[in-house]
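Colleague: I'm new to this one and would like a guided look. Could you take my questions one by one?

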Amino acid sequence: MMRTYARAMGLAVGLALVVVPAVIISACDDSGSAIKESPVTPTPPGGGGTPVVDAGPGTDGSTTADSGPSDCVMKPQTHLEIINACTDAVKITKNPTLPLLLPDGGLPPLP
Amino acid sequence: MRSTLRAVVVASAILCLSRSAHAAVPACASLGAQPIVYIENGDTQEPLVKRLGQKLLASASPLRLVYKNRRTCDLALDLYSGAPMMNDAIAVKYIPAPDDPNAVGWTPSMPTPACTVDSAGVATDLGIGATYLSSCPSLPPMPATLAQQVGPVQSYGFIVPKGSAQIAITAQEGYFAFGFPQGTGQATPWLDQALRITRGPTASTALTCAAAIGVPASKLKGVVPTGNTSTEVLNAVANSTSFDATIGLMGTEVYDANRDKVKLLAFKGYGQRYAYYPDFSATNFDKKNVRDGHYLPWAPTPYITRVDGTGKATNASVQRILDLVVAAKAEADVSGIDEIIASGLVPECAMGVERAFDGADLALYAPPAPCACYFEAKVAQGATKCTVCTGTDDTPCGGGKCRRGYCEVR
């Protein structure tokens, strides 16, 4: 009885060790460093994106020398550089689907 | 017989208390011998007025603050036109002394008692707005007798019920949620116009939030609470049972004092890759992302007053307030910068970015006498990696300068 229980517990722990990291990895986006809002599957019509939250200091791989295309700016000068400057603060990825956006990504005029 | 007597005594006591409560609203001018400064302020600035007012009243040179919460564009117009502060639907309130029978044991986290001004009204000495005056579309040019000084930075944001699953909003989502009427913006989950709780178009909260999402404040599609106050927005959002569909606009220092009731969404501006909280994380209070430009809905607070030919306030008590708050100075028993920080605002000396008007692009800013280290150390849950120093000894600062006990960059 005890042996069966122990075996079941072992299986459960093993399964958790496989499944939990898989879920975590699948929740990451291409930035690999930001926190997302709880993934939503399927994405609801009209948006509700899937934000992801960065874990914080030291996790922004873009600041390393050989990490490929950078997603942040080390020495910002302009507005766009300032708002996308490298930071260790928590950051959240959110790219919602907004049906009214124009094909080029622009905004339609307000009604 | 004895019980009847007891009942009469108790009833009399209740009647007495009740009558004294009704008769308790004093005349503002008769509160004490101290000089009074009459202030009209945005309701987001009330925490600072209360905190600073308590310290000023208890200081070696006591000063009484009497104030009325007023929308930024409305208070500016009052100052510009010379319209007096009146007794009306918005209460005139005052900072009470410790022994005030109307406010026993009062602290700045408690409501302030009301007082009444003269029936003809009283001149407002100081206006404290909470966004760029250039955002007020119907404001005439400022009279030459007035001047504006730029006070601490106030940040704003989008709040949702605690039960909401949302943690961030993009500027585009805000554009479609708040710029389009009922059901047409398709910015899920913020589709129901009755559940978008906004402020009127003369309120700084509406003006600065609207600028951040690219919608004129006059075109915000939502519900303005009856009294058009931050407290009403807070309560409407906190008490909503439509968790995901409800959203409101709020000053972050009001949010900071009510984090147990609502959540603040991280904000992603136009052209920004990620959304950020005003603070390092959802649980900090350091306004890191406001100060370095990652969080966009913010504006400085304009202080408007009558000035003489040299630019000084004609009212010496107002000049004292300007010295404490705008210049972030400290007296022996009142520290302007400490009250700014404790109120959830950011002093200019802790900012690393600036902008020219609501929604304008950011530029890097190097304050002449920085206080970023001090700010980080003093803020709630604060900590700083800056080197500690003493007095004006810059020796440990490696080229920096010792200010307020920390080595600042210059």
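**Inside chain B, then across to chain A**

Modeller: Happy to, and keep in mind that this is a predicted model. Let's begin with helix H3 (residues 72-81) of chain B: 8 of its 10 residues are buried, so the helix is largely enclosed by the rest of the structure.

Colleague: Which residues of H3(B) are the buried ones?
Modeller: Buried here means under 20% relative accessible area. Going along H3(B), the ones that qualify are B:Thr72, B:Cys73, B:Asp74, B:Leu75, B:Ala76, B:Asp78, B:Leu79 and B:Tyr80.

Colleague: And what do the buried residues of H3(B) pack against?
Modeller: Both strands and a helix of chain B are involved. The helix is H5 (204-213). The strands are E1 (36-41), E4, E5 and E12.

Colleague: Let's move to chain A. What pattern does it follow along the sequence?
Modeller: Chain A holds 2 helices and 2 strands. Of its 111 residues, 32% are buried. Reading along the sequence, the pattern is α-β-α-β.

Colleague: How much area do chain B and chain A bury between them?
Modeller: The contact draws on 45 residues from chain B and 43 residues from chain A. Carbon and sulfur atoms carry 63% of the buried area. The area itself is about 3500 Å².

Colleague: Which three residues supply more of the area that chain B buries against chain A than any other three?
Modeller: Together the trio supplies 18% of what chain B buries there. Its members are B:Arg273, B:Tyr274 and B:Phe280.

Colleague: Which residue of chain A forms a salt bridge with B:Arg273?
Modeller: Between chain B and chain A there are 3 salt bridges. In the one with B:Arg273, the closest N and O atoms are 3.5 Å apart. That is within the 4 Å cut-off for a salt bridge, and the partner is A:Asp71.

Colleague: Which element gives the largest share of the side of chain B that touches chain A?
Modeller: Across the interface, 14 residue pairs are in polar contact. Among the elements giving two or more residues to chain B's side are strand E10 (266-268), helix H8 (288-292) and helix H4 (171-179). The largest share is 5 residues, and it comes from H4(B).

Colleague: Last one: which residue in E11(B) stands opposite A:Lys91?
Modeller: Here a strand of each chain takes part: strand E2 (residues 91-93) of chain A pairs with E11(B). The pairing is antiparallel, over 2 bridges. Opposite A:Lys91 stands B:Tyr276.

Technical notes: Residues are numbered from 1 along each chain as its sequence is written. Chains are lettered from A and ligands numbered from 1 in the order in which they are written. This is a predicted model: local features need pLDDT of at least 70, side-chain atom pairs count only at pLDDT 80 or more; totals for chains, interfaces and linings use all residues. Side-chain values use heavy atoms; hydrogens and water are left out. Contact means heavy atoms within 4.5 Å. Buried area is the accessible area (1.4 Å probe) that two parts lose on being put together, summed over both. A salt bridge is a side-chain nitrogen of Lys or Arg within 4 Å of a carboxyl oxygen of Asp or Glu. A polar contact is a pair of N or O atoms within 3.5 Å; within protein, one must be able to donate a hydrogen and the other to accept it, and residues adjacent in sequence count only if both atoms are side-chain atoms. Helices (H or I, at least four residues) and strands (E, at least two) are DSSP runs, numbered from the N terminus. Two strands pair if DSSP finds at least two bridges between them. Buried means under 20% relative accessible area, exposed over 50%, partly exposed in between (1.4 Å probe, protein chains only).
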